[in-house]
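Have a look at the sequence and the 3D view first, then read on.

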Amino acid sequence: MTLGRAVSLAGVALYIFLWVLAANGVSNLIAPLVIPPVLVLLIWAGIALNRFVGIAPHRPKFPSDDDEDDEG
């Protein structure tokens with residue numbers, strides 16, 4: 001198992017543990033725990049809307065080191 005996968009599993013386990021605490025009476029945890037799934041849902045909906053409308057994703061264009069036009 002790679003380190004990244006182990007950290008991801010530990011994060012998911014911690015997230016589930018915090019939801020168990022919230023379900024057992026620690027009600028001040030509910031709002032912060034709802035934020036990540038809502039953000040994922042909003043990002044997913046935006047991507048789905050872009051694909052539905054037909055907007056193609058673009059790659060960012062960064063100036064290369066060889067460009068000397070900006071030096072004046």
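## The big picture

Of the 72 residues in this protein, buried ones make up 3% (buried means under 20% relative accessible area, exposed over 50%, and partly exposed in between, using a 1.4 Å probe and protein chains only). Keep in mind that this is a predicted model, where local features need pLDDT of at least 70, side-chain atom pairs count only at pLDDT 80 or more, and totals for chains, interfaces and linings use all residues. Residues are numbered from 1 along each chain as its sequence is written, and side-chain values use heavy atoms, with hydrogens and water left out.

The secondary structure comes to two helices and zero strands. Helices (H or I, at least four residues) and strands (E, at least two) are DSSP runs, numbered from the N terminus.

Helix 1 covers residues 3–23, which is 21 residues. From its first C-alpha to its last, helix 1 reaches 30 Å, close to the 30 Å expected at 1.5 Å a residue (the expected span is 1.5 Å times one less than the number of residues). Just after helix 1, G25 takes a positive phi of about 120°.

Now for helix 2: its 24 residues should span 34 Å at 1.5 Å a residue, and its end C-alpha atoms are 35 Å apart, which agrees. Just after helix 2 there's G54, with a positive phi of about 100°. P57 lies in the segment after helix 2 and, at 80% relative accessibility, counts as exposed. P57 and I47 are 10 residues apart in sequence, and their C-alpha atoms are 9.2 Å apart in space.

## An aromatic pair

How many aromatic pairs does the structure hold? It holds one. The rings of Y15 and W19 have centres 6.4 Å apart and planes at 85°, so the pair is edge-to-face. (Rings of Phe, Tyr and Trp, its six-membered ring, pair if their centres lie within 6.5 Å; planes under 30 degrees apart count as stacked, over 60 as edge-to-face and the rest as tilted.)

Both Y15 and W19 sit in helix 1, four residues apart, about one turn of the helix. An α-helix has 3.6 residues a turn, so residues three or four places apart point the same way. Y15 is partly exposed at 26% relative accessibility, and W19 is partly exposed at 31%.
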